[in-house]
Amino acid sequence: MKKRTIIASSVAAMALAVLVSGMPDNTVMSKDAGTMVVNTTSLTKNVRGYKGTTPVKIYIKKNKVMKVEGLPNRESPKYFAMAKAVLEQFEGKSVTKASKMQVDGVTGATYTSKALVKNVQTGLDYYKEHK
């Protein structure tokens, strides 16, 4: 009986380990080679584009936005590609300036582009509060 309990416990522990390792990394802020990376996946669950959430990763070095990249989402690839143009507008700006920027939506991808802007601004505000 004890042997069965040990085997069952071992199988359950391995299953849990596999499940946890397969989960997406929702860490909000991490450091990678001197660059802070802000992931908005868990910060902006209520910020929606046309078909769902549009999380981003923001790369910040020396208080400047180095790069912003879109993360996997449910938006149509055609419209998401159009909307991603707004992300480039934040690059090279200081965190303070970028977080206050007024960025227009992209015609034809308005919901998606506005959601991307909101994601970036939320991520930058989080960075300012937690750096």
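This is a predicted model: local features need pLDDT of at least 70, side-chain atom pairs count only at pLDDT 80 or more; totals for chains, interfaces and linings use all residues.
**Exercise 1. Determine the strand order of the open sheet and name its edge strands.**

Solution. Step 1: The protein chain contains five helices and four strands. Along the sequence, they follow the pattern α-β-β-β-β-α-α-α-α.

Step 1: The four strands form an open sheet in the order β1-β2-β3-β4, with antiparallel pairing; two strands pair if DSSP finds at least two bridges between them.

Step 2: β1 (29–32) and β4 (64–70) are the edge strands, each pairing on one side only. On average, neighbouring strands of this sheet are turned by 25° against each other, direction ignored. For such angles, axes are lines fitted to C-alpha atoms, for helices over the stretch in contact, and angles run from 0 to 180 degrees between N-to-C directions.

Step 3: The antiparallel pairing of β3 with β4 runs over six bridges. Ile-60 has Val-65 in β4 as its bridge partner.

Step 4: Helix α5 (residues 110–130) packs on the sheet and touches β1, β2 (35–39), β3 and β4. The direction of α5 makes about 45° with that of β3. Contact here means heavy atoms within 4.5 Å.

**Exercise 2. Locate Lys-57 and list what it touches.**

Solution. Step 1: Strand β3 (residues 56–61) holds Lys-57.

Step 1: Lys-57 is partly exposed, because its relative accessibility is 26%.

Step 2: Leaving aside residues up to four places away in sequence, Lys-57 touches Val-37, Val-38, Asn-39, Lys-67, Val-68, Glu-69 and Leu-71.

Step 3: Met-36 is 21 residues from Lys-57 in sequence, and their C-alpha atoms are 10.0 Å apart.

**Exercise 3. Find the salt bridges and state how exposed their residues are.**

Solution. Step 1: A salt bridge is a side-chain nitrogen of Lys or Arg within 4 Å of a carboxyl oxygen of Asp or Glu. By this rule, the count is two.

Step 1: One joins Lys-67 to Glu-69, with the closest N and O atoms 3.5 Å apart. Lys-67 is partly exposed at 37% relative accessible area, and Glu-69 is partly exposed at 27%.

Step 2: Another joins the side chains of Asp-125 and Lys-128, at 3.8 Å from N to O. These residues are three apart in helix α5, so about one helical turn separates Asp-125 and Lys-128. Asp-125 is partly exposed at 33%, and Lys-128 is partly exposed at 31%.

**Exercise 4. Describe the largest nonpolar core and the element that gives the most to it.**

Solution. Step 1: A nonpolar core is a set of buried Ala, Val, Leu, Ile, Met, Phe, Trp, Tyr and Cys residues joined through side-chain atoms within 4.5 Å.

Step 1: The largest such core has 25 residues, and those with the most contacts inside it are Ile-58, Ile-60, Val-68, Phe-90, Val-120 and Leu-124.

Step 2: β2, β3, β4, α2 (77–83), α3 (85–88), α4 (95–100) and α5 each give two or more residues to this core. The most comes from α5, with five residues.

Step 3: Not counting residues up to four places away in sequence, Phe-90 touches Val-65, Val-68, Ala-98, Met-101, Val-103, Val-117 and Val-120.

Step 4: For the whole protein chain, 34% of the 131 residues count as buried.

Conventions:
Residues are numbered from 1 along each chain as its sequence is written. Side-chain values use heavy atoms; hydrogens and water are left out. Buried means under 20% relative accessible area, exposed over 50%, partly exposed in between (1.4 Å probe, protein chains only).
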